[in-house]
Amino acid sequence: VAFIGEVELSGHPQRVVIMEQLKSIIGEYAVSINEKYEKARSVKLPTRFTIACNESPTFHDASGAIGQRLLYLHYQK
């Protein structure tokens, strides 16, 4: 599980690259890993993301794939 704090990509200059990488990991596609002092390789990351935020993040995803996979948990405090 990967835990992420506040998410706001609207003004980020690389938001398209970030979204593509996020969709690749969520969709369980092989992604390129560049480990220090090792040869680059492609692996499937068995990762699920948990995002904790005060406001719902705006994901710029034309396909809507990210929005369909979100599960919201609302807390009173």
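This is a predicted model: local features need pLDDT of at least 70, side-chain atom pairs count only at pLDDT 80 or more; totals for chains, interfaces and linings use all residues.
Taken along the principal axes, the C-alpha atoms of the protein chain fill a box of roughly 45 × 25 × 20 Å. Of the 77 residues in the protein chain, 16% are buried, and the accessible surface amounts to about 6,600 Å², with 53% of this area belonging to carbon and sulfur atoms. Among the contacts in the protein chain with a separation of 6 or more, 51% are accounted for by residues 24 or more positions apart.

S10, in the loop between β1 (2-4) and α1 (15-26), is partly exposed at 38% relative accessibility, and when residues up to four places away in sequence are not counted, S10 touches R15 and H60. The C-alpha atom of S10 is separated by 15 Å from that of E20, ten residues apart along the chain. T47, in the loop between β3 (41-44) and β4, has a relative accessible area of 18% and is therefore buried, the cut-off for this class being under 20%. With residues up to four places away in sequence again left out, T47 touches A2 and I25.

Four salt bridges are found in a search of the whole structure. Within helix α1, E20 and K23 are three residues apart and so are separated by about one helical turn, and the two residues form a salt bridge in which the closest N and O atoms are 3.5 Å apart. Both partners are partly exposed, E20 with a relative accessible area of 42% and K23 at 22% relative accessibility. A further salt bridge joins the side chains of E28 and R48, at 2.8 Å from N to O. Because E28 lies in the loop between α1 and β2 whereas R48 lies in the loop between β3 and β4, this pair ties together parts that are 20 residues apart in sequence. E28 is partly exposed, with a relative accessible area of 35%, and R48 is likewise partly exposed, at 48% relative accessibility. E28 and R48 also belong, together with K44, to a network of salt bridges. The side chains of R41 and E35 meet in another salt bridge, with an N to O distance of 2.5 Å; here R41 is partly exposed, with a relative accessible area of 43%, and E35 is partly exposed at 38% relative accessibility.

Most residues other than glycine have a negative phi. Y37 is exposed, at 76% relative accessibility, whereas E28 is partly exposed, at 35%.

The largest pocket has a volume of about 780 Å³ and is lined by 22 residues, of which I51, L70, L71, Y72 and L73 lie nearest its centre. The elements that give two or more residues to this lining are α1, β4 (49-51) and α2, and β4 gives the most, with three residues. Two of the residues nearest the centre of the pocket, L71 and L73, also contribute to a nonpolar surface patch of about 440 Å², which they make together with Y75. Y75 is found in the segment after α2 (65-69) and is exposed, with a relative accessible area of 65%.

Definitions and conventions. Residues are numbered from 1 along each chain as its sequence is written. Side-chain values use heavy atoms; hydrogens and water are left out. Patches are made of residues with over 30% relative accessible area and no salt bridge: like charges are joined within 9 Å, nonpolar side chains (Val, Leu, Ile, Met, Phe, Trp, Tyr) within 5 Å. Accessible areas come from the Shrake-Rupley method with a 1.4 Å probe; for residues, only the protein chains shown count as cover. Helices (H or I, at least four residues) and strands (E, at least two) are DSSP runs, numbered from the N terminus. Buried means under 20% relative accessible area, exposed over 50%, partly exposed in between (1.4 Å probe, protein chains only). Contact means heavy atoms within 4.5 Å. On a 1 Å grid over the protein atoms alone, a cavity is a set of points where a 1.4 Å probe fits but cannot get out, and a pocket is an open set with protein on both sides within 12 Å along at least five of seven lines; lining residues have an atom within 4 Å of a point. Grid points are joined across faces, edges and corners, and a volume is the space filled by probe spheres set on the points.
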